[in-house]
Each structure stands twice: as C-alpha cells, then as structure tokens.
Amino acid sequence: HVQLVESGGGSVQAGGSLRLSCAPSGVMISTCDVAWFRQAPGKDREFVAGMKWSGVTTAYADAVKDRLIISKDNVKKTVNLQMDSLKPDDTAVYYCAANPSRSSYIVRGEDEYDYWGQGTQVTVSS
C-alpha cells in the first residue's frame with residue numbers, strides 16, 4: 001500500500017516562494033524515480049521536475065528551470081520542491097509522483113508514474 005502525501009501549498013504574490021514536500025510511504029523510495037507534476041484548470045497535467053532518488057541528475061521543465069528546485073531529504077525521506085520567483089503561470093495543483101526506476105533516464109510522462117499524491121494547491125497572484 002503506497003501513499004504519497006504532499007504539503008506546503010498556499011497562496012503567494014508573484015515573486016514569492018513556497019516549499020512543497022512529499023512524504024512517501026509503503027515503497028522503497030531509494031529505488032524510485034520521483035517527480036513533481038502540476039495541473040492548471042483547463043490544461044493537461046505537466047511534468048515539472050524529477051530525479052532519481054539514488055542518482056545525481058535532475059530534470060526540469062523549461063518553464064521552471066532555475067526557479068524551482070527538486071531535492072530529497074535522506075533523513076526525513078521526503079521529496080521537496082523549493083519554489084522561488086513564482087509567477088502567476090505557476091498556479092496549479094502540484095502532485096508528487098513516484099515509480100520504481102525502469103530506465104537510466106528520468107521519465108517525464110504522466111502515465112509512466114505508478115504512485116501519486118492527492119495534490120496541493122499553489123496560487124500565485126500578480
């Protein structure tokens with residue numbers, strides 16, 4: 001029984017910051033790819049950032065590169081997303097996702113992740 005629980009969402013003004021966290025349970029996270037996706041109203045769910053827990057590389061959507069940083073906490077076993085210089089276009093529900101690694105690269109497709117959190121709302125006002 002796998003669960004991913006997101007936290008840290010909220011409302012900020014443009015230029016502000018938020019820190020999202022994802023707490024997985026029921027899965028050996030060290031063997032997984034982990035990622036953040038987001039979905040805005042009327043839009044498809046899109047890949048935001050991803051990493052292999054036990055790897056060294058990360059991947060980002062062009063729209064968030066250099067503003068949003070994915071990281072892990074080896075003690076708390078959480079996946080984090082530090083969000084800086086937020087823009088109104090960042091407004092969305094953010095989802096944590098994970099799957100046992102199946103390739104050497106970081107997958108970006110929604111259908112390639114087995115486990116999902118319920119999401120946390122991020123709202124950025126202008």
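**View 1. Glutamate 110 is partly exposed, with a relative accessible area of 39%.** Buried means under 20% relative accessible area, exposed means over 50%, and partly exposed lies in between (1.4 Å probe, protein chains only). Glutamate 110 forms a salt bridge with arginine 45, and their closest N and O atoms are 3.9 Å apart. A salt bridge here is a side-chain nitrogen of Lys or Arg within 4 Å of a carboxyl oxygen of Asp or Glu. Glutamate 110 lies in the loop between strand 9 and strand 10 (115-116), and arginine 45 in the loop between strand 4 and strand 5, so the pair ties together parts 65 residues apart in sequence. Strands (E, at least two residues) and helices (H or I, at least four) are DSSP runs, numbered from the N terminus. Arginine 45 is also partly exposed, at 21% relative accessibility.

The model is predicted: local features need pLDDT of at least 70, side-chain atom pairs count only at pLDDT 80 or more, and totals for chains, interfaces and linings use all residues. Residues are numbered from 1 along each chain as its sequence is written, and side-chain values use heavy atoms, with hydrogens and water left out.

**View 2. Arg38, Glu46, Arg67 and Asp90 belong to one network, joined by salt bridges that share partners.** One link in view is the salt bridge between the side chains of glutamate 46 and arginine 38, at 2.7 Å, N to O. Glutamate 46 is partly exposed, at 36% relative accessibility. Arginine 38 is buried, at 6%. Side chains of opposite charge can pair when their charged atoms come close. The structure holds six salt bridges.

**View 3. Lysine 52 and aspartate 33 meet in a salt bridge through their side chains.** The N to O distance is 2.8 Å. Lysine 52 sits in strand 5 (residues 46-52) and aspartate 33 in strand 4 (residues 32-39), so the pair ties together parts that are 19 residues apart in sequence. Lysine 52 is buried, at 14% relative accessibility. Aspartate 33 is buried as well, with a relative accessible area of 1%.

**View 4. Cysteine 22 and cysteine 96 form a disulfide.** The structure holds one such link. A disulfide is called when two cysteine sulfur atoms lie within 2.5 Å. In this pair the sulfur atoms are 2.0 Å apart. The link is left-handed, with -75° about the S-S bond. Cysteine 22 lies in strand 3 (residues 18-25) and cysteine 96 in strand 9 (residues 92-100), so the pair ties together parts 74 residues apart in sequence. A disulfide is a covalent bond between the sulfur atoms of two cysteines. Cysteine 22 is buried, with a relative accessible area of 0%. Cysteine 96 is buried too, at 1% relative accessibility.

**View 5. Cysteine 32 is in no disulfide.** The nearest cysteine sulfur is that of cysteine 96, 10 Å away. Cysteine 32 counts as buried, at 1% relative accessibility.

**View 6. Strand 7 and strand 8 form a hairpin with four residues between them.** Two strands pair if DSSP finds at least two bridges between them. Here six bridges join strand 7 (residues 68-73) to strand 8 (residues 78-83). The strands run antiparallel. Serine 71 stands opposite asparagine 80 in strand 8. In the turn, lysine 77 has a positive phi of about 60°.
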